[in-house]
There are 4 protein chains.
Amino acid sequence: MSNIPKTEGLVAAPFTPMLADGSLNLAPIPQYAQFLVQNGIKGAFIGGSTGEGVSLSFPEKLELLQAWGQVDAPDLTKIMLVGGTSLEESKLLAQEAGQAGFQAVAVLAPFYFKPANVELLARFCIQIGEAAPELGLYFYHIPALTGANLSMIDFLACIDGRLPNFYGIKYTHNDLMDFRQCVLFGNQKYDILWGWDEIYLAAMAMGARGAVGSTFNYAAPLYYDLMAAFQAGDLEKARQLQDKSIAIVRILGKYGGIATGKAFMRAVGLDCGEFRLPIANMPAEQYARFLDDLNAIDFHTYASQMPIPAIASEL
Amino acid sequence: MSNIPKTEGLVAAPFTPMLADGSLNLAPIPQYAQFLVQNGIKGAFIGGSTGEGVSLSFPEKLELLQAWGQVDAPDLTKIMLVGGTSLEESKLLAQEAGQAGFQAVAVLAPFYFKPANVELLARFCIQIGEAAPELGLYFYHIPALTGANLSMIDFLACIDGRLPNFYGIKYTHNDLMDFRQCVLFGNQKYDILWGWDEIYLAAMAMGARGAVGSTFNYAAPLYYDLMAAFQAGDLEKARQLQDKSIAIVRILGKYGGIATGKAFMRAVGLDCGEFRLPIANMPAEQYARFLDDLNAIDFHTYASQMPIPAIASEL
Amino acid sequence: MSNIPKTEGLVAAPFTPMLADGSLNLAPIPQYAQFLVQNGIKGAFIGGSTGEGVSLSFPEKLELLQAWGQVDAPDLTKIMLVGGTSLEESKLLAQEAGQAGFQAVAVLAPFYFKPANVELLARFCIQIGEAAPELGLYFYHIPALTGANLSMIDFLACIDGRLPNFYGIKYTHNDLMDFRQCVLFGNQKYDILWGWDEIYLAAMAMGARGAVGSTFNYAAPLYYDLMAAFQAGDLEKARQLQDKSIAIVRILGKYGGIATGKAFMRAVGLDCGEFRLPIANMPAEQYARFLDDLNAIDFHTYASQMPIPAIASEL
Amino acid sequence: MSNIPKTEGLVAAPFTPMLADGSLNLAPIPQYAQFLVQNGIKGAFIGGSTGEGVSLSFPEKLELLQAWGQVDAPDLTKIMLVGGTSLEESKLLAQEAGQAGFQAVAVLAPFYFKPANVELLARFCIQIGEAAPELGLYFYHIPALTGANLSMIDFLACIDGRLPNFYGIKYTHNDLMDFRQCVLFGNQKYDILWGWDEIYLAAMAMGARGAVGSTFNYAAPLYYDLMAAFQAGDLEKARQLQDKSIAIVRILGKYGGIATGKAFMRAVGLDCGEFRLPIANMPAEQYARFLDDLNAIDFHTYASQMPIPAIASEL
């Protein structure tokens, strides 16, 4: 294997806390980081889909970056999503991330003008990576949102050897044949992180060792149990745990999708406010019913735990 | 569990043999069946995507149905794909399949006018199933070709209890969360068959016990080894075998896709001719290079074996 | 210009009459044809989307073909949609159409396996055309239903000169740049018929001289007024008439889409029954409200007229 | 009609000039504006698709906004595209545009998280409009790039009466039935601008009176001739002129698409550099062949003219 760091375990994609008026709420970020670390989370993927990076203004993105940069958590790998449709802005953010103490940046395929082929995507990533050569760079593959449905095994073959700090892919797509080939590429050279929590077991069977996800924010113990059962060869237990993860994702869908994640955070004691437009939030009057649904799936038995109850009540 | 039969193992989706002029070649079908059985195949899914059912005329479909119906192979479950865009024609074919000795029929979502919801799809399936009540009925879910991308867990909930001879789903789609829920539905009531050979390992991790596929025609030993390794808990070996399956599927893609399957059949000794329009076949001059590619992946070490060489040379 | 016949005016795509039990109702077809002719319709496009060709069994398709073939209406050009996903079946139907007195056949792009390029589509059409060389052949371009979204100007360039009886295209797509180029191709060599009734004015501006549509079944006078206003240079009147057509199409959408067309037929006095599955029909209790909506848009002032009221009541 | 200003004529979507190193080149903007005005252009749509707004960093967007804001051209309506996926950033840019002397802003549907319905889109637009109430606001409908394919007539009905400075829609989509209804909405209350240059004639037939486009940058005389022919009732001439527009757009496609627009600008004497990644530019060695193609379609006879040759050579 290469000397590229390989993530073993879970990277959370934190929500971006907002105040009631919809403005950024940076105060809870140190506690948020502590909460993640104490639940075993290895990394934080800042400003991604879950983190509403695309819904922040550029100045807000810089503020968020600074706030996470100041987090003192040596065991937490910090990854900043820097792009984005604009190569220039992505480079600016990558440089800021380097100065602020991040270990890596992540890059989406540009999603207005889509790259027509893997070579154009590789050039886009290379220029960003060269702007912050001391940081690792991950490509964040999520074609359902970007519309850029390129083969990742072809992309790896294209970028390989052209960007020394290229680390790998956050793979949020359901093409497990392509994923498997990426895992194997170059004698397992790259860090290929799985990005669909609800079928993590399938991806582990195909070789995944690490994952980035949103439900890891509030249900990390569940997924570590899942990984342990899988590694112990107890497939039946692993399936049952994956089924609990599926039950969580069904509740996300039932209450409208991604925004429901912040309701889960509130349920574990860390109020992150609401999602911004154009995303619709769960109507307030549904929250009680949502909590009932959490009880019905025994959510509390595998939810992430607030380290010190006193802190949670302050937030 | 229900008393619906559960498939343990591999169902092949046979190619439909054609003569050089493109007409049906029914003569080899008995040997084809024998070949499948002797390679451990449990069932034959006739007239599916691999079998070019949609490319046959109605009279040809009846001929093909009769030919497979006459196959004397008690250990081979025979399933006929009967639809199709026309409910009436599907019912006619289902009745013929019942008289011809099939055990089950399969139904595609109508793919010109697509069903707008699972209720319309359920009614479509129920009417066909009621036309041949002595046969099982499978729904064949392949939204990449039909354009009917409905939730299968919602479909099961909709059809459940309304068609006694409804057996389950041939699931050829990459939504493993939906698949997993279908496997579990009603205390594992239905026979949910996996349909993407190249990621069968992922599906087994999510609970698949049987599969329908095209590469099982010519590489059954590989997949039985894969299943055995998986069941023995030897995940690393299972991955290596799945990687060989992926290598096969990459060669399919390299030479143009589905039609390359008939080249694989020729390579194992059963000439099925070519695919019909609108599908493009591999140019004849590429066949030698294709064989080189098979050697490069050691295809012969896990290919299906002709039972008696003499028969193969006759075909 | 070439000696290929050029359609000036309207071709209707007749509904296929059904009895209350959903079976074919061929008895009204002679009156249906008379009704079309007396409302100025120049041609009948049988078994298309409106005619539910894909929802008929092969034997039913032959019956429908025979029934329309026997229609004695010298001024009505009869076109049979023969395909379809199966080249063989399309050829059989084309030959039957030739013997039954049709003037032309039409061919869809195969819509399960889609043609990967215009050459494969051209070969598909050519073989059908050669099976019935005495008939004209139209390609029916409707990518929203077939999923075969190929450039028609490239297709014309590809098939040109290879099939003497190739007549042109029924163009049911919104790419008016492509359409315009097809109209001009080869010094206006081919008969390029427009297929979206609700924006026929736009297509006439781009050079359309004829059209095939479903609303021409029951609102032919409206469209002839529209054509007359356009040809007289009275654009404002043409727009107002097109707006009435849009109002009709909005009502189609309001009551569920294509099946509402048969409710329009009932309203003009020709009961064609219902659409078959997988299409949903308007619930019976909505029909009164539907008639109110027709009154609200003054539908009766431009609806097609039954030639002899006595006949209508018989149907 | 309402007192919302109605655009009669052409609005150009200027390219954003770049230097050879890919950085912004703001110096030519005053001449660019003069060039547009002297060719009859009524407005400038800044930072749109043609202007690569999504490819600029936020600081660059502000620079571009200032540069166009300082343009002294009373007859040129200045419209700034301010969004964008981030509501907050769009509001900031709208406020800047108001201070900088723009007359209106334009808003894209957010294109990473897409609005699930017209209500969410309306709220997004309303908040931006309220941030700059002295400016008009246009919604820029281009679902092929945003993936937000909502009905515009439903959107108008939803936003109507809720934002006093809502002006209308830049309609870059091929649904001419929806477009026509938007034109008519509220007694022609809103300014509905057409956005597909190559079929402007079709849109005029359906009621378009103004348009925003990229080819108006370099071929304005052609389109004014087209409009004049259409208004004079000379449809045959109008078609011939539209055919010349189609010939231009075919050349755009032949050389790779949107980036070829900057080659057209170079050909008329205003070097705007190249497009940024992820868009591919025409290889330099093809430029001579491109110029030959321009000659073959007599491009120079209807191209926009540089006001003073001396200026062009300076640029």
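How many residue pairs are in polar contact between chain B and chain C? In this predicted model, the count between chain B and chain C is 16 residue pairs, with both residues of each pair at pLDDT 80 or more.

## The contact between chain B and chain C

Chain B brings 37 residues into contact with 37 residues of chain C, and the area buried between the two chains comes to about 3000 Å², with carbon and sulfur atoms giving 70% of that figure. On the side of chain B, the residues that lose the most area to chain C are B:Tyr112, B:Phe113 and B:Leu277, which together account for 29% of what that side buries. Although 16 residue pairs are in polar contact across this interface, the count of salt bridges between chain B and chain C is zero.

Four helices of chain B, namely helix H2 (58–69), helix H3 (87–100), helix H4 (118–131) and helix H5 (143–146), each supply at least two residues of the side that touches chain C. Sorted by class, that side of chain B has 23 nonpolar, seven polar and seven charged residues.

## The relation between chain B and chain C

Chain B is superposed on chain C by a rotation of 180° with 0.0 Å of shift along its axis, at an RMSD of 0.0 Å, and that is the relation of a two-fold axis. Within chain B, the C-alpha nearest the axis belongs to B:Phe58 and lies 3.2 Å from it. Because 100% of the interface residues of chain B are also interface residues in chain C, the copies meet through the same surface.

## The contact between chain D and chain A

The contact between chain D and chain A takes 37 residues from each of the two chains, and the area buried there is about 3100 Å², of which 70% comes from carbon and sulfur atoms. D:Tyr112, D:Phe113 and D:Leu277 supply 29% of the area that chain D buries against chain A, which is more than any other three residues supply. The interface of chain D and chain A has zero salt bridges by the rule applied, while 16 residue pairs, both residues at pLDDT 80 or more, are in polar contact.

The elements of chain D that give two or more residues to the side touching chain A are helix H2 (58–69), helix H3 (87–100), helix H4 (118–131) and helix H5 (143–146). By class, this side of chain D is made up of 23 nonpolar, seven polar and seven charged residues.

A rotation of 180° with 0.0 Å of shift along its axis superposes chain D on chain A, again given with an RMSD of 0.0 Å, and in chain D the C-alpha nearest the axis is that of D:Phe58, at 3.2 Å. The same surface serves both copies here, with 100% of the contact residues of chain D recurring in chain A.

## Chains that do not touch

Chain A and chain C do not touch, and their nearest C-alpha atoms are 18 Å apart. No contact joins chain B and chain D either, and the closest C-alpha atoms of these two chains lie 18 Å apart.

## Salt bridges within chains

Side chains of opposite charge can pair when their charged atoms come close. Over all chains, the count comes to 36 salt bridges. In chain A, A:Lys91 forms a salt bridge with A:Glu88, the closest N and O atoms being 3.6 Å apart; both residues lie in helix H3, three residues apart, or about one turn of the helix. In chain B, the side chains of B:Glu88 and B:Lys91 meet in a salt bridge at 3.5 Å, N to O, and these two residues also lie three residues apart in helix H3 of that chain. A:Glu88 is partly exposed, with a relative accessible area of 25%, and B:Glu88 is likewise partly exposed, at 26%.

In chain C, the side chains of C:Glu52 and C:Lys262 meet in a salt bridge of 2.9 Å, N to O. This pair links distant parts of the chain, 210 residues apart, with C:Glu52 in the loop between strand S2 (43–46) and helix H2 (58–69), and C:Lys262 in helix H11 (residues 260–267). C:Glu52 counts as buried because its relative accessibility is 0%, and C:Lys262 counts as buried at 3%. In chain A, salt bridges that share partners join A:Glu119, A:Arg123 and A:Arg162 into one network.

## The surroundings of B:Glu96

B:Glu96 is found in helix H3 of chain B and is partly exposed, with a relative accessible area of 28%. Leaving aside residues up to four places away in sequence, B:Glu96 touches B:Leu62, B:Leu65 and B:Gln66.

Methods:
Residues numbered from 1 in each chain as written. Chains lettered and ligands numbered in written order. Heavy atoms only, no water. Contact = heavy atoms within 4.5 Å. Buried area = accessible area lost by both parts, 1.4 Å probe. Salt bridge = Lys/Arg side-chain N within 4 Å of Asp/Glu carboxyl O. Polar contact = N/O pair within 3.5 Å; in protein donor to acceptor, adjacent residues only side chain to side chain. Nonpolar A, V, L, I, M, F, W, Y, C, P; charged D, E, K, R; others polar. Least-squares fit on C-alpha atoms with pLDDT ≥ 70 in both. Buried < 20%, exposed > 50% of the residue type's maximum accessible area, 1.4 Å probe, protein only.
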